[in-house]
Amino acid sequence: MKIGISCYPTFGGSGIVATELAMALASGGDEVHVISYALPSRLSFINANLFYHEVVVPHYPLFEYPPYSLALATQIVEVARHQRLDLIHVHYAVPNAVSAVLAREMLQPQPLKVVTTLHGTDITLVGNDPNYLETTRFGIVRSDEVTAVSAALREATQKQLGIGTPIEVVPNFIDPDRFELAKAQNGARRWGTPEEKLLVHISNFRPVKRVLDVVEIFHRVHREVPSRLLLVGDGPERPKVEQHCRDSGICHAITFIGNLPLVEEVLVGADLFLLPSETESFGLAALEALSCEVPVIATAVGGLPEVVRHGENGFLLPVGDVEAMAKAALELLGDDDMRRRFGRAGRRWVVDQFDQQTIVEKYRRVYRRALDLD
Ligand code: GMT
């Protein structure tokens with residue numbers, strides 16, 4: 001198949017899933033054209049089937065807001081026409097689905113199927129905003145196939161947008177080998193002294209991630225157990241979080257690592273992963289932690305219960321309940337056997353349910369359905 005993939009190129013989960021998918025499809029023999037406004041952070045040109053096309057958004061004095069959606073639609077048309085794409089798979093509904101539907105119209109009579117994957121905030125935050133609601137709904141209902149990364153997101157989409165469009169759940173995935181290979185390295189232990197327990201949080205530091213709760217949970221843990229918090233990622237809340245660490249006098253026990261393309265480098269060897277999000281359609285970072293045998297303490301929201309199994313590979317607690325999350329953390333950190341048992345169970349669960357090969361095959365089936373090949 002000749003497949004176009006459009007995504008956000010940043011460290012966000014949707015861009016990571018799209019990029020890993022593009023590389024896996026290309027390794028499996030499909031021709032893949034990635035279309036984005038910058039080179040995605042994880043994209044490596046593993047073979048000759050993988051191509052990258054940049055969306056250039058010209059600036060004219062008239063435009064206070066340069067129309068990225070139109071530049072993207074135009075680039076999809078160009079690539080589809082000259083590379084003879086069978087389909088375009090867009091990740092994140094806003095504005096990508098609308099740009100793809102527009103491109104399909106412009107290309108006629110050349111056919112181009114549109115597959116849209118919903119990742120979460122495109123529905124729960126952005127798409128739900130009255131300023132985007134109608135166009136988000138339009139992009140989704142006019143797509144030829146729609147997938148969502150969890151059953152929770154599928155339900156939220158159908159309810160919030162009031163649509164009956166069939167949506168297939170295709171979850172996030174991991175390449176188990178990558179996490180196996182990382183075990184040969186020092187991983188998280190590089191940052192800690194031998195007696196310190198290591199807690200990790202990875203995110204884009206947006207308000208929805210509640211990173212201040214991470215610090216609050218850690219503060220309670222640190223009072224009881226020698227420990228260090230490794231914060232990976234960057235984003236708008238980081239200055240506030242740094243200030244909060246200074247105000248609470250806990251800075252000496254917190255390491256801000258910043259963005260890291262290969263997260264297994266900090267997950268392997270960690271003792272606990274914290275994800276106290278306000279909402280989370282899936283929680284790719286939690287999946288990556290589990291695949292490195294790191295138990296997860298997260299909030300019981302959105303798609304997280306589809307990833308983290310309460311009492312088996314982690315704990316799920318109410319949003320904002322930092323006391324309960326700190327208590328669960330102390331329970332796990334105080335019992336090495338339990339922590340190891342949870343870690344092994346987590347790895348088994350994700351290898352069984354979220355293996356890259358199985359999930360990429362699910363996407364291929366969606367593509368075949370869109371193209372009427374089945
Ligand atoms: O987590 C973010 O805020 C980034 C966002 C994105 O679209 O890049 O992530 C969303 O997509 C990921 C990949 O499907 C999911 O694993 C995340 O749970 C989801 N984030 C939220 O729903 C907040």
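Predicted model: local features only at pLDDT ≥ 70, side-chain atom pairs only at ≥ 80, totals over all residues.

Residues are numbered from 1 along each chain as its sequence is written, and side-chain values use heavy atoms, without hydrogens and water.

The ligand is surrounded by 18 residues (a heavy atom within 4 Å). H119, N172, K209, E280 and S281 are the closest. By class, this shell holds 5 nonpolar, 11 polar and 2 charged residues; Gly counts as polar, and Asp, Glu, Lys and Arg as charged. Helix α1 (residues 13-27) gives the largest share, 3 residues. Domain 1 (2-173 + 355-370) and domain 2 (176-353) both contribute to the shell, so the ligand lies between them. The domain bounds come from an automatic or database assignment.

Now look at ligand oxygen atoms. A side-chain N or O atom of N172 is 2.8 Å from one. A polar side-chain atom of N204 lies 2.9 Å from a ligand oxygen. S14 uses a backbone N or O atom, at 2.9 Å. The protein covers 94% of the 490 Å² of accessible area that the ligand has on its own (Shrake-Rupley method, 1.4 Å probe).

Turn to the backbone. Most peptide bonds are trans, and most residues other than glycine have a negative phi. V94 and P95 are joined by a cis peptide bond, with omega about -10°. P95 sits in the loop between β4 (87-91) and α3 (96-107). Another cis bond joins Q108 and P109, with omega about 10°. P109 lies in the loop between α3 and β5 (113-118). F205, not a glycine, has a positive phi of about 50°. Its loop runs between β8 (197-202) and α8 (211-224). Helices (H or I, at least four residues) and strands (E, at least two) are DSSP runs, numbered from the N terminus.

How values were computed. Polar contact = N/O pair within 3.5 Å; in protein donor to acceptor, adjacent residues only side chain to side chain.
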